[in-house]
Amino acid sequence: MAINIDQLKKKIIYRSNYRGTKEMDTLLSSFTKKYIDQLNEEELNLLSDLLKYDDENLYKFNQGQDLSTKIKLNKITELFKNYNYINE
């Protein structure tokens, strides 16, 4: 069953806003808000995949620290890796 773009965006927005920590809620929701309307379906699916990682590894990935898991590099993960929400 295929999911439509609007449903996928809503799912991504929800998952980026309700993580486990306030810091990750802020980081991921601001990242999502900035980019979600610029992404095509393939990129939205990559963002959805990124959100499947745990908060600790996502935060470390964003901060350039060592991870306990491997995050596959692609356009979305590169954007996230270089994203700094403090300056937004």
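Modeller: Glu 43 is buried, with a relative accessible area of 10% (buried means under 20% relative accessible area, exposed over 50% and partly exposed in between, using a 1.4 Å probe and protein chains only). This is a predicted model, in which local features need pLDDT of at least 70 and side-chain atom pairs count only at pLDDT 80 or more, while totals for chains, interfaces and linings use all residues. Residues are numbered from 1 along each chain as its sequence is written, and side-chain values use heavy atoms, with hydrogens and water left out.

Glu 43 forms a salt bridge with Lys 75, and their closest N and O atoms are 2.8 Å apart (a salt bridge is a side-chain nitrogen of Lys or Arg within 4 Å of a carboxyl oxygen of Asp or Glu). Glu 43 sits in helix H3 and Lys 75 in helix H5, so the pair ties together parts that are 32 residues apart in sequence (helices are DSSP runs of H or I, at least four residues, and strands are runs of E, at least two, numbered from the N terminus). Lys 75 is partly exposed, at a relative accessible area of 48%.

The whole structure holds five salt bridges. One of them joins the side chains of Arg 19 and Asp 55, at 2.7 Å from N to O. Arg 19 is in the loop between helix H1 (5–17) and H2, while Asp 55 is in helix H4, so this pair ties together parts that are 36 residues apart in sequence. Both Arg 19 and Asp 55 are buried.

Lys 60 is partly exposed, with a relative accessible area of 23%.

Let us stay with H4. The buried residues of this helix (residues 55–63) are Asp 55, Asn 57, Leu 58, Phe 61 and Asn 62. Seen down the axis of H4, they fall within an arc of 165°, so they line one face of the helix (the arc is that of the directions from the helix axis to the C-beta atoms). Their cover includes helix H2 (22–35), helix H3 (41–50) and helix H5 (75–81). Just after H4, Gly 64 takes a positive phi of about 75°.

Back in helix H3, we also find Leu 47, which is buried at a relative accessible area of 1%. Not counting residues up to four places away in sequence, Leu 47 touches Ile 12, Phe 31, Thr 32, Leu 39 and Ile 76 (contact means heavy atoms within 4.5 Å). Thr 32 belongs to helix H2 and counts as buried, at 2% relative accessibility. Leaving aside neighbours within four places in sequence, Thr 32 is in contact with Ile 12, Ile 13, Ser 16 and Leu 47.
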